[in-house]
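Hello,

Here is the structure I promised to pass on to you. Please have a look at it first, and then read on for what turned up in it.

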Protein chains: 2
Amino acid sequence: MNNNKFSFELLHADSQTAARRSRFHTPHGPVEMPAFMPVGTLGTVKGLEIEHVRQTGTQMVLGNTYHLTLRPGEDVVRELGGLHDFMGWQGPILTDSGGFQLYSLAKMTKVDDRKAVFRSHIDGQLLELSPEHAIRIQEALGSDVAMVLDHVIGLPAPREAVRDAMRRTIDWAERCRAAGRRDDQAQFAIVQGGLDADLRVECAQKLVDMDFPGYAVGGLSVGEEPAEMLQVLEATVPALPVDRPRYLMGVGRPEDLLQSIRRGIDLFDCVMPTRNGRNATAFTDHGRIRLRNLKYERDPRPIDENCPCAACRRSMGYLRHLFMAREMLGPILLSMHNICYYQRLLADARDAIEADLYEEFCKSKLSGWAKQEIE
Amino acid sequence: MNNNKFSFELLHADSQTAARRSRFHTPHGPVEMPAFMPVGTLGTVKGLEIEHVRQTGTQMVLGNTYHLTLRPGEDVVRELGGLHDFMGWQGPILTDSGGFQLYSLAKMTKVDDRKAVFRSHIDGQLLELSPEHAIRIQEALGSDVAMVLDHVIGLPAPREAVRDAMRRTIDWAERCRAAGRRDDQAQFAIVQGGLDADLRVECAQKLVDMDFPGYAVGGLSVGEEPAEMLQVLEATVPALPVDRPRYLMGVGRPEDLLQSIRRGIDLFDCVMPTRNGRNATAFTDHGRIRLRNLKYERDPRPIDENCPCAACRRSMGYLRHLFMAREMLGPILLSMHNICYYQRLLADARDAIEADLYEEFCKSKLSGWAKQEIE
């Protein structure tokens, strides 16, 4: 750890898998891991009042540097008290660096060793992002964890392009670290290297030499198969230190989370619960439910009678009606349910690891999802 | 009262004005009056989880018969437990009859003495609504208070057209009453008669002769001046019995509510708090705030530091950002604030009436709103 405001406790290592039960301390409180962060892109987890976010069991949320620098701008956020006060979330916050959005969202992005130049997806304005700038923005936002700027590329890609992006990511990590000024913000480095195990290990080792307080695996969920992603984790995670949190960026489906925890990952973020919720799809132990389906029109049952969320106090018939009538409450309730589902899944995973029952837990959940309705 | 599941208590009559403090008992609990009902058009107060509706201080909500019969259909609502269970609101519910929507929303509405024939505003389907049918729908919905079907026309209108609609409204009230089967649902009659005091009084007297458990003043807020509306109330209210609730339909601005309470009205509904909330306009004691205004970009103050709602735990700068970024949370928070504002206004009005201070209260509020920013 580079300062004493952050610390990582490894509480229990599962006896059968690489899963671990841990706790990460931040200036805004601890995070029980493995943990899932809902995505609060623009200073709001879409559709959820902040008290509702807390009620889902969420411990830490993610904010997007790329989005927040465009709207409202980090100066506005800083003037309004930083991201915690701005959005009213007094728990831990992690901000990404913008690297992924430069790949996925910005227009005409050109990257050289110095910086990325791109056009805003909102108004086409020509903008730049360097490692130093990404840290400056995140320090203005005041997140607990800042991510270094990485160079994300789509897969598959030629090995030389993957190597080039990896090399640049390492170089930028060093520059980010040198640019950091806040002792109440920890920087996590990001391992790149595509699907190439050797490049991933090489990248991990070089970043580990720099002694970051946490490590992320980035550049996944960009078009590869789930099995390929897991192979990358199997190669990469052993190269990371046991005494630091490990964060798999932008992942994923419930099954991806459990499979990744099994391979030693501690932290996740993903838009799936909220994006699916807005689109009338609910996660359950028996797979996904598409609530627009006519068969739910008169269904008096809740999505999940064991779920404590507000959506599960209503019938599926009511929820379907809200979506058919395009009422805002449909996306609101289903986003709440899906985040709640993810958080309960992670809480149960933590319990299973502590009890040395993770393998059984994993199998039981995976078999439930496997039975899901044909889509 | 036509049955013993409903009763009306007149608790205090203001000494200086016609304002009254009263309580209306329904099978789903009492309503402290004067009271304001948020509009839950399609079984949801737009943007608000039902617990949030309760937190605003709301006692009773309104559902729209026209909207609910089109989507999801009253049979679906009935099968899913009736409107209370459907939307999860266990307090009192009033449903309107569809009369206003036949005027304002349906297409090509043709009304004769038997019924109204119209085309759905959603898919153009040819539909009918008779007084008997309006009651059948509302009994399927299971609201506590059902409104009789009335014939609403736009103003100004020729006196003969106004008289014709009034005569039909009286006739239809009688048919609604004859069609009622549920003893846990009270029917309120609706006084029509345009801006003509004589017609209003004539209509009121005929309806009072039928001994309804409550009376509404309808056909206002359809294009007339506020002063004209108040003149109609001054003519109509004295013709209504003191021992029944008096409901002014579809009104209105905060100033309209206070002026109407002053003239003896007990109950209101209006889409203004939610519709304005969705459109970035907040109600305050100093008038309306348009949150998209650039001057709020870095404003750290809440809309109203004395307001207990969730929106007022955030800065105006944050709320503005949500609207500029088109985040759902903007409409959600501002709808909460506006309903909360209306409910606090009504609660304060009730206190003022009890203390015989309504006139002072009214003047103080009206002068605050008069100072509002030029729009």
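Before we start, one definition: a helix here is a DSSP run of H or I with at least four residues, numbered from the N terminus. Please also keep in mind that this is a predicted model.

With that in hand, let's begin with helix α12 of chain B, residues 316–324. How many of its nine residues are buried? Eight of them are, so the helix is mostly covered, going by the cut-off of 20 or more other C-beta atoms within 10 Å. The buried ones are B:Met316, B:Gly317, B:Tyr318, B:Leu319, B:Arg320, B:His321, B:Leu322 and B:Phe323. They pack against α13 (329–354) of chain B, and also against two helices of chain A, α3 (74–79) and α4 (82–87). Just after α12(B), you will find B:Arg326 with a positive phi of about 55°.

That brings us to where the two chains meet. On the chain A side 34 residues are in contact with 35 residues of chain B. Elements giving two or more residues to the chain A side are α3, α4, α12 (316–324) and α13 (329–354) of chain A. The largest share, five residues, comes from α12(A). By class, this side of chain A divides into 17 nonpolar, seven polar and ten charged residues.

Within chain A, there are two domains to look at: domain 1 (8–105 + 131–269) and domain 2 (277–370). Their C-alpha centres lie 26 Å apart, and 26 residues of domain 1 are in contact with 26 residues of domain 2. On the domain 1 side, the elements that give two or more residues are β2 (20–26), β4 (35–38) and α10 (254–262) of chain A. Which of them gives the most? It is α10(A), with six residues. The domain 1 side has ten nonpolar, nine polar and seven charged residues.

Finally, a helix pair in chain B. Two packed helices are described by the angle between their axes and the distance between the axes. Helix α6 (residues 131–141) and helix α7 (residues 159–179) of chain B pack at an angle of about 45°, with their axes 8 Å apart. α6(B) and α7(B) are therefore oblique to each other, and α6(B) passes α7(B) in a right-handed crossing. From α6(B), B:Pro131, B:Glu132, B:Ala134 and B:Ile135 meet B:Trp172, B:Arg175, B:Cys176 and B:Ala179 of α7(B). This contact has six nonpolar, no polar and two charged residues.

Terms used
Residues numbered from 1 in each chain as written. Chains lettered and ligands numbered in written order. Predicted model: local features only at pLDDT ≥ 70, side-chain atom pairs only at ≥ 80, totals over all residues. Domains from an automatic or database assignment. Contact = placed C-beta atoms within 7 Å. Nonpolar A, V, L, I, M, F, W, Y, C, P; charged D, E, K, R; others polar. Buried ≥ 20, exposed ≤ 12 C-beta atoms within 10 Å, placed from the backbone. Axes fitted to C-alpha atoms, helices over the stretch in contact; angles between N-to-C directions. Parallel < 35°, antiparallel > 145°, perpendicular 65-115°, else oblique. Left-handed = near helix turned anticlockwise from the far one by under 90°.
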